[in-house]
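Please work through each task before reading its solution.

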Amino acid sequence: MNCIEIEKFSFLYPQQTVPALAGVDMTVEEGSFVVLCGKSGCGKSTLLRQMKTVLASHGQKSGCIRYFGTELEEVDERTQSAEIGYVLQNPDNQIVTDKVWHELAFGLESLGYDSATIRLRVAEMASYFGIQAWFLRNVNELSGGQKQLLNLASVMAMHPRLLILDEPTSQLDPIAASDFLETVRKINRDVGTTVILTEHRLEDVIPWADQVYVMDGGRMIADGTPSEIGRKLKELGHDMFLSMPTPMQVYAGVESSRECPLTVRQGRRWLEKELEDLQLKAAECEENIGGNGRETESVHHETESVRKRTHVFSEKEVPEIRLRDIWFRYERELPDVVKGLSLDVRKREIFALVGGNGTGKSTTMNLIARIRHPYRGKIWLEGKSIDKYTDNELYHGFLGVMPQNPQSLFVKKTVRDDLYEMIDGKKEKRSDAFSIEMSKRDAVAGIVSLTKLADLLDRHPYDLSGGEQQRLALAKVLLLRPRILLMDEPTKGIDNHYKKELGEILRKLTEHGVTILLISHDVEFCAQYADRVGLFFEGNVVTNKPAKEFFAGNSFYTTAANRMSRQFFPDAVTVEDVVAGVDAYVRR
Amino acid sequence: MNKRSDAFSACHPAVNFFYFMLVLLVTMFLSHPVLLGISFLGAFFYAVRLKGWKAVAKFNLIFTLPAMVIVAFINPAFNHYGVTTLFYLKTGPVTLEAIVYGIVLASMLFIAILWFSCYNEVMTTDKFVYLFGRVIPALSLVLSMVFRFVPKFNAQVKVIRNGQKCVGRDMSNGKLIKKIRYGLTILSILITWALENAIDTSDSMRARGYGLKGRSSFSIYHFDRRDVTVTGILAGLLGVCLLGFHYGFSFAQYDPVIKIGGIPLTPWSVITYLAWTFICFFPFLLGLWEDESFKKLEKKMRMDRDIPWYLKEDEPGSEQKILKTDMTFTEYMNGGKETEGGTECELY
Amino acid sequence: MLRDDKLDDFLDVFWDEKSADSVDTDFWEEPQGKEKLNYLEYSDLMAVPKNKGKLPPRTLAAIFLIVVMIPVTIWVGIHFFNDRKYLLISLFIVFYSMIPFFLTFESRRPQAREVLIIAVLTAIAVAGRAAFFMVPSFKPVMAFVIISAVCFGAESGFLVGALSMLVSNMLFGQGPWTPWQMFSMGIIGFLAGILFQKGWLKARKVSLCIFGFWAALFIYGGIMNPVSLLMSSYAITKRNLLAIYISGLPVDMVHGAATVIFLLLASKPMIEKLERIKIKYGLIEE
């Protein structure tokens, strides 16, 4: 039985000329686990919303969507509410009531169940999802991961047959995210609920999928089992690979006739076989003089060049940010959050702090931003103690801070107004926030070009996608001409394409003398763009090394590319490194 | 939350709410000194039990007492009824009757506020929301959402404020006009953020069937046998009181001469006052009774575990204590689990 | 638009304030024309009453209840409580007059987004009241209630006003004054909504400020001052009333000034934001 059948479905938003969805076909079998992927803005969310009438956007539709054989529009609202569960992106926004128990019961109340039934269902859900411990709590005491779990549980309490999840983990940290996805998988496996999921974090979900659909520009460009998808995308030569799991990305970059690997384990075996083949070929070509040695050499050569880049700084140079023996706690009675932290960040480098939740990374950033003050130890910025700067010196033209949530910076109703708002309005009057000779209009236009916002100037900031919002926030901060930029989780909730753009902007900034300190859970991003990486643990930086060295040295806290290929290319950290390594093999 | 468990708070919210309404309304319309005194003592003991000596004393000395003094003197300064003139002010003669009446009025206000402070402890927001969930479901949902949003917004204000501080707009220093402008910017950012993100919330509500006909309302509260008993007792006492009031035992007059009903004491007036005493002391006594039963229970446990001291190291003494505070009286009375519906115990 | 190859030069000038001589400052692909102002006119942005002048039947019913039922209650009160118990009568009136608002809201089974809008507005008002806790009486609540009423109608105005007082008292401590505060703030929202609908109150700063000041002084002060007299003394005389009103005047002035300041500075952006939400939620089509 097919749970959802979509035939030639097209959709046009009002006052738009380009259809958001064009002739989409999709068939979802009951009990299957389906992953829908595509760049942001490709129409994934629009399509998912069309699968539930109350959430469907208004606009011109053609084609049809059937739910268990009946036209979706004809399935009454009550049935749809109960049977089609929908979990959205932001965990916080979906919670309606103030108590966990009430939230769990919310959907059941809507359906009009009596108290005894609700009590049973709620108890069932609380037990299944392990919510008992915080059952009576207020929702605002929960962590992000718990909140999203609560959202899932309160949808599951209605016993849906179809569960739709729209990027449910984009706001969660990696550990909470994989816990959450694990739970979704468990539901699919144990209860047999059909799951349709969109995700950025495909590494976790693609291997589980029965069926993968890939969308681009409102069209379905490929579908099939995960490994079929890998081959099809490779044939298409599509840049969608950027959002695929690392093994698939490597697969795309390498000539191979084998089946597409999905997990790190499969990837390693695949790579092993490929390299064996190459070696055999090389042997046939009787030109086998210590191939392996030369290979690693070439990768070494590459890391050398990276090191050179970071090595430009002489040891005598004053570090841009210097922390010495910093101790901090929020209140006298509370335990220390930062413990004897010492750290140097050199001028013009991108320094990434990685590490688990609650280890004090964000607190450290607040200390450097002078929002909080250490009770012991000292911070120097460009060789001057942070306390000696006035607010104006510090925050205008010197230190910029990108908050984790870009929305917390948006004030005005258009992107343009919002940018001007940062430098005290459109009037060409010099002020503390904008003291240079250049006209404000030029400054804004230049920053807009840098951050690629030119086409969005008349939009409302909240109508932008996650990645665009991130760039707008960055543009706002950059208008104050910071020489030190602190960024808190800059890649949270944005897809790989946007990450790439962001990374390139950051690189450009460092070329112009900006020093960037960022904290991130995103190992892949740090490996790709950071110069040095520090591991934060228990209020202190445990190691800090150049990025490649850092990730190559770790066995768990490292990129998927490294985990997959470390036996063959110990220094390869990014997908490009691995592909380059294989290429070097081929070339011989 | 290290709150002490309180027997009366563990009763059904309806019992809590109507009890407070009853006591407050009656107190606010009394001008009888004896009844007011009883009400005061009841409120005072219960407040101390709920919040501890220090909190009650601090609250009363700093906020209530000064207000009370002012109120007590306003009356005689502007009102000159009565027969016993004590001295003259610019506004006219000051009489004993007016002074006494001023004090009575002030204490009435004072007692009401004291009861309210107990009310705030006992009637937590979720109880209030639940209580009106059946009568006014939409509004109680609005309230529940407001209680969800207020802490969320407060947290967001902090985030926004830090963000603004880092772009050089610090609300905590600078000129007043700048401060106000920065404050408004923060508010403005918050409002947009709140409204735009609420669209998700509305989607989430509709996705879970909000707006379907026949919405029911669920709660974790139960009107159990003890609540019935408590309601019965209170209703009985109230009946006696009202009867007494009807016969004039609550009568008090301060103009032109002081006249107080029920005094000198008659058997009937004593009964009325006793009933009122029981009403006012009810939550306090219930608490005492609970303490007492737990003491007995502890004794029993101790007898069971009469073992040499050197083996007692492994004795889970601390756990026992946790158990004691965590277990509500209801659970104890019901033997922990013996309530209707098998899933009960998990829900509490 | 910046020329692609000029980005680096631009960044040099922007960050390092290199003088324009050392770097070619001809960054632009085409000469920067005047930025076109694609803003709507001020009056377009501001809220406009729908069906101007007509009041919906529910509102009429509410007015009827207030106008007719209150005198009846007073009459009953005077007859049964010997005219001494002003407190009781007024308490009943207050509850009485709030009931129709709450009930009409209930009886029309509001949609998710209506419920949500009221909840969000109320929560913002409460958060605003909490944010200014260190300055007594200087609160943005009334300004916010008035703006809500202008954008979402009299009924919403009442609910936001009444609920924000109820909730903030629930969070910061309930007292005997709660019902009256709820009533006063609610009625201010209600009035603002009606006056706006009737076209007497304009969604312009001056108009809003005048109403705000007047409401703070005469409605809020006009209700809360006698109430404090009621609670502290049963003797309601002209002189007492005048005295308490004068003694409460400074507080009311602060309150009024706060309302005016908030309306002056925040009314325009706030109305814009609410109007946008109305469109985005699809509230405007109905």
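**Exercise 1.** How many residues does the contact take from chain B and how many from chain A?

*Solution.* The model is predicted. Counting each side in turn, chain B gives 44 residues to the contact and chain A gives 61 residues. On the chain B side, at least two residues each come from helix H6 (137-165), helix H7 (176-207) and helix H12 (344-347). Of the elements on this side, H7(B) gives the most, with 14 residues. Sorted by class, the side of chain B that touches chain A holds 16 nonpolar, 16 polar and 12 charged residues.

**Exercise 2.** Describe the side of chain B that touches chain C, and state which element supplies its largest share.

*Solution.* Begin with the counts: 46 residues of chain B are in contact with 47 residues of chain C. Next, identify the elements of chain B that supply at least two residues each: helix H3 (53-78), H4, helix H5 (125-133), H6 and H7. The largest share, 15 residues, comes from H7(B). Finally, divide this side by class: 35 residues are nonpolar, 10 are polar and 1 is charged.

**Exercise 3.** Which residues of the largest nonpolar core touch the most other members?

*Solution.* This core has 342 residues, and those touching the most other members are B:Val146, B:Leu190, C:Val120, C:Ile124 and C:Ile146. Helix H4 (residues 96-122) of chain B contributes the largest share of the core, 17 residues. Take C:Ile146 as an example: leaving out residues up to four places away in sequence, C:Ile146 touches C:Ile188, C:Gly189, C:Ala192, C:Leu208, C:Phe211, C:Gly212 and C:Leu263.

Key:
Residues are numbered from 1 along each chain as its sequence is written. Chains are lettered from A and ligands numbered from 1 in the order in which they are written. This is a predicted model: local features need pLDDT of at least 70, side-chain atom pairs count only at pLDDT 80 or more; totals for chains, interfaces and linings use all residues. A nonpolar core is a set of buried Ala, Val, Leu, Ile, Met, Phe, Trp, Tyr and Cys residues joined through C-beta atoms within 7 Å. A residue is buried if 20 or more other C-beta atoms lie within 10 Å of its own, exposed if 12 or fewer, and partly exposed in between; C-beta atoms are placed from the backbone. Helices (H or I, at least four residues) and strands (E, at least two) are DSSP runs, numbered from the N terminus. Two residues are in contact if their C-beta atoms, placed from the backbone, lie within 7 Å. Ala, Val, Leu, Ile, Met, Phe, Trp, Tyr, Cys and Pro count as nonpolar, Asp, Glu, Lys and Arg as charged, and the others, Gly among them, as polar.
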